[in-house]
Amino acid sequence: MKESMIFWKENVFCPLAHTLKVIEGKWKLPILWVLSQNGTLRFNELKRSIEGINNMMLTSSLKELENDGLINRIQYNEVPPHVDYSLSEIGEKFLPVLDELAKFSTELMKREL
């Protein structure tokens with residue numbers, strides 16, 4: 001865990017920077033939003049719900065979100081393969097944070113107009 005931690009300065013861990021690193025990238029927030037709106041989805045359902053994402057980016061973003069604990073991945077051993085993705089408990093707890101961030105962003109954009 002320590003190698004993935006972000007430090008503000010030597011030996012001072014910055015939790016906010018760590019969280020921002022976990023959600024960084026073009027596709028992670030759209031994936032979290034789609035899962036928050038739709039519950040459990042399969043890979044192709046997710047792909048159809050996020051305009052412009054390709055298989056490689058969806059796969060890598062899902063893997064990172066799973067490794068960081070924000071989503072659950074359940075694989076069913078059947079033919080054809082069936083994998084479900086959903087928000088984890090910590091992913092659900094993150095939604096109000098995103099909502100507050102969106103409210104702040106809206107206020108900030110109004111000031112810039």
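1. Surface patch. Patches are made of residues with over 30% relative accessible area and no salt bridge, like charges being joined within 9 Å and nonpolar side chains (Val, Leu, Ile, Met, Phe, Trp, Tyr) within 5 Å. Accessible areas come from the Shrake-Rupley method with a 1.4 Å probe, and for residues only the protein chains shown count as cover. Here Leu101, Phe104 and Leu108 make a nonpolar surface patch of about 280 Å². Phe104 sits in helix 5 (residues 89-112). Helices (H or I, at least four residues) and strands (E, at least two) are DSSP runs, numbered from the N terminus.

2. Basis. This is a predicted model: local features need pLDDT of at least 70, side-chain atom pairs count only at pLDDT 80 or more, and totals for chains, interfaces and linings use all residues. Residues are numbered from 1 along each chain as its sequence is written, and side-chain values use heavy atoms, with hydrogens and water left out.

3. Helix 1 against helix 2. The axes of helix 1 (residues 15-23) and helix 2 (residues 28-38) come within 8 Å and cross at roughly 80 degrees. Axes are lines fitted to C-alpha atoms, for helices over the stretch in contact, and angles run from 0 to 180 degrees between N-to-C directions. The two helices are therefore roughly perpendicular (65 to 115 degrees). Lys21, Val22 and Ile23 of helix 1 make the contact with Lys28, Leu29 and Leu32 of helix 2 (heavy atoms within 4.5 Å). These contact residues divide into four nonpolar, no polar and two charged.

4. Helix 2 against helix 4. Helix 2 and helix 4 (residues 55-67) pack at about 75 degrees, with axes 10 Å apart. This pair, too, is therefore roughly perpendicular. From helix 2, Lys28, Ile31 and Leu32 meet Leu58, Ser61, Leu62, Glu64 and Leu65 of helix 4. The contact holds five nonpolar residues, one polar and two charged.

5. Salt bridges. The count comes to five, a salt bridge being a side-chain nitrogen of Lys or Arg within 4 Å of a carboxyl oxygen of Asp or Glu. One of them joins Lys28 and Glu64, whose closest N and O atoms are 2.7 Å apart. Lys28 is in helix 2 and Glu64 in helix 4, so the pair ties together parts 36 residues apart in sequence.

6. Cis peptide. Val79 and Pro80 are joined by a cis peptide bond, with omega about -5 degrees. Pro80 lies in the loop between strand 4 (71-76) and strand 5 (82-87).

Note on methods:
Angles under 35 degrees count as roughly parallel, over 145 as roughly antiparallel, 65 to 115 as roughly perpendicular and the rest as oblique. Ala, Val, Leu, Ile, Met, Phe, Trp, Tyr, Cys and Pro count as nonpolar, Asp, Glu, Lys and Arg as charged, and the others, Gly among them, as polar.
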